[in-house]
Amino acid sequence: MKNLFIIVLLIVFSFSCTTKKQDETTEKPNVIYINVDDLGWMDTETYGSSFYETPNISKLAEMGMMFTNGYASASNCAPSRACLISGQNTPRHGIYTVSNSDRGNKKTRKLISIKNTEILNDSVFTMAEMFKKAGYVTGTFGKWHLGEDPTTQGFDVNVGGALNGNPGSDGYFSPYNIKNIEDNTPNENLTDRLTSEAIKFIEKNKEKPFFVYLPFYAVHTPLSTTSLLEKKYTDKGGNKLQNKAVYAGMIETVDKNIGILLNTLEKLDLKNTLIVFTSDNGGIRAVSSQEPLRAGKGSYYEGGIRVPYIISWNGVVQPNSVSNTPISNLDFYPTFMDVVGVKLPNKILDGTSILPVLKGESITERALFFHFPIYLQSYAGKKDDARDPLFRTRPGSVIIEGNWKLHQYFEDEALELYNLSTDIGERTNLINANPEKARELLEKLDSWRNNTNAPIPTELNLDYDPNFVQKKKKK
């Protein structure tokens, strides 16, 4: 009788452990992170566009939470992605731009810029590796831009990801000019293909928790769409700010594929799926104006770093809700850690978990920091609405805290102070009207740079010619 009692206890204990393990597995949500390339803050119906048609993105917003004050951690592709995947700001990984950091005519650069790093070091414990630690299967489908092979950095599956930052001059229709993808169908659209590959991955792994990173190459240049979509938007017409039919067609293609993805999740009954929709940086101003935001991709005015964020998670995020909490893509690494229950005591993270915000609660107000000790030239023949016509970015740093935003430039130690609640376009510099606030923010910016060992360029460029600069600016 005693032996029978012990056997029963062992069976009950074994069943309890198995059930608990199953419950823990099923409680972990699938995670899909959709990163559209160069999509501006104003480039969807959800955020106010009347030209671009994005019904599926609007549906996603109805399913979840829209953020009005969302930021990319950098104003162009590679550094923003490095921050997302590493969970660390630019001074920690050294990726400040794409390719070389001394862009623009050498006679127009007063300082020797800090050398740029192009590849995210394999020693970095990435977001994908964190998901694998939590028992997830991981796949990336699209633009990587941080090295030649994301499978060395935590991804089980890679389709289309390598060091290249765009699909090349051949554009978005097969045959493709990118690595790690095979041509299947003549004239196949790359955005369609990446989505279908992500769906195959989801269908194969629907019984496991999965992390899907879906960084579309679209809507990055070169702009290309079908003749039917181009005609549709040409006939529709736009306005003086948004009117490029080819670009509108690319946005519609992205939106269509988001609809296909949502339908797949519904068909497979994968309700416990956390979806993030965003962009890696602001839109190119010459392609699609983001007014009232100033400037665009490559600038640290709002048009270059403020981006759309929509987050959906059935049963957790209140449908059709809006949050004014300032967030950046640095926040997703710690957020996902909270979601999946992973502890990384030795991992330095520069973001804050926004899981409380997703649950309708609040987080402590904190500052957002941006550091760019580099030069990024203006687009040829285009007016970027930046600080001067020669550069989208000159070396400097930015801090945003509450409604206040401070720019500091290293060439001339100039400061610009804006109150974004009344001047989202950053047109009225309040540096003389509110020097106390500027001093307070500058102290915090200095402290942050010291804590992160952020390099500041100080060496003078002997090729710099102020007379040449003035001539160039007058053209």
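In this predicted model, helix α7 (residues 227–236) packs against helix α8 at an angle of about 120°, the two axes lying 8 Å apart. The two helices α7 and α8 are therefore oblique to each other, and their crossing is right-handed. On the α7 side the contact is made by Leu229, Glu230, Lys232, Tyr233 and Thr234, which meet Ala245, Val246, Ala248, Gly249, Glu252 and Thr253 of α8. By class, five of the residues in the contact of α7 with α8 are nonpolar, three are polar and three are charged.

Helix α8 (residues 245–267) also packs with helix α6 (residues 190–204), the axes coming within 10 Å and crossing at roughly 15°. That angle makes α6 roughly parallel to α8, and the crossing of this pair, α6 and α8, is right-handed. From α6, the residues Thr191, Asp192, Thr195, Ile199, Ile202 and Glu203 take part, and they meet Thr253, Val254, Lys256, Asn257, Ile260, Leu261, Thr264, Leu265 and Lys267 in α8. The residues of the contact of α6 with α8 comprise six nonpolar, five polar and four charged.

An open sheet of mixed pairing is formed by eight strands in the order β5-β4-β6-β1-β7-β8-β2-β9. Strands β5 (157–159) and β9 (321–323) stand at the edges with a single partner strand each, so one side of each is left without a neighbour in the sheet. From one strand to the next, the twist averages 15°. Within this order, strand β7 (residues 273–279) and strand β8 (residues 309–313) pair in the antiparallel sense over five bridges, with Phe277 standing opposite Ile310 in β8.

Helix α10 (residues 332–340) lies across β1, β7 and β8, its direction being at about 175° to β7.

Strand β16 (residues 415–419) is mostly covered, with four of its five residues buried.

How values were computed: Residues numbered from 1 in each chain as written. Predicted model: local features only at pLDDT ≥ 70, side-chain atom pairs only at ≥ 80, totals over all residues. Heavy atoms only, no water. Axes fitted to C-alpha atoms, helices over the stretch in contact; angles between N-to-C directions. Parallel < 35°, antiparallel > 145°, perpendicular 65-115°, else oblique. Left-handed = near helix turned anticlockwise from the far one by under 90°. Contact = heavy atoms within 4.5 Å. Nonpolar A, V, L, I, M, F, W, Y, C, P; charged D, E, K, R; others polar. Buried < 20%, exposed > 50% of the residue type's maximum accessible area, 1.4 Å probe, protein only. Pairing = 2+ DSSP bridges.
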